[in-house]
Amino acid sequence: MAQVSMTVRMDSQLKQTFDKLCSEFGMSANTAMNIFANAVVMTRSIPFEIKAPKEEPIDGLAAFYALRDEARKNEIQDMTLEEINQEISKARAERKKKQ
């Protein structure tokens with residue numbers, strides 16, 4: 001099978017540590033990357049779990065009170081449903097213009 005070259009950018013300190021560890025494993029960084037690529041193709045997945053940092057849960061009631069306080073400050077706490085829908089429509093139209 002034909003061989004191709006691939007360039008990967010990474011932090012120089014990470015590369016140095018990666019090379020050292022691969023050497024300790026008795027392989028080159030190139031071999032390690034090939035093992036990784038083969039594992040991805042064979043399993044059709046990343047061979048380890050990837051997680052996003054935990055987000056703090058949103059306190060809905062606190063958010064509601066904060067919005068209500070902001071509405072009072074701006075003297076818009078007594079808007080009708082129709083007025084609220086008009087504001088939403090305006091905001092959506094402005095957002096569409098920016099896209």
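Let's start with a charged pair: Glu-24 forms a salt bridge with Lys-20, and their closest N and O atoms sit 3.9 Å apart. This is a predicted model, so the pairing comes from computed positions, with a side-chain nitrogen and a carboxyl oxygen counted as bridged within 4 Å. Side chains of opposite charge can pair when their charged atoms come close. Both Glu-24 and Lys-20 belong to helix 1, where they are 4 residues apart, or about one turn of the helix. Searching the whole structure turns up 5 salt bridges.

Helix 1 also has a neighbour. It packs against helix 2 at an angle of about 90°, and the two axes are 8 Å apart. That angle is why helix 1 counts as roughly perpendicular to helix 2. On the helix 1 side, the contact is made by Lys-15, Phe-18, Asp-19 and Cys-22, while helix 2 brings Ala-29, Ala-32 and Met-33.

Here are the residue ranges of the helices:

| Helix | Residues |
|---|---|
| Helix 1 | 12-24 |
| Helix 2 | 29-43 |
| Helix 3 | 60-73 |

Helix 3 has 14 residues and spans 20 Å from its first C-alpha to its last, close to the 20 Å expected at 1.5 Å a residue. Just after helix 3 comes Glu-75, with a positive phi of about 55°.

Definitions and conventions:
Residues numbered from 1 in each chain as written. Predicted model: local features only at pLDDT ≥ 70, side-chain atom pairs only at ≥ 80, totals over all residues. Heavy atoms only, no water. Helix = DSSP H or I, 4+ residues; strand = E, 2+ residues; numbered from the N terminus. Expected span 1.5 Å × (residues − 1). Axes fitted to C-alpha atoms, helices over the stretch in contact; angles between N-to-C directions. Parallel < 35°, antiparallel > 145°, perpendicular 65-115°, else oblique. Contact = heavy atoms within 4.5 Å.
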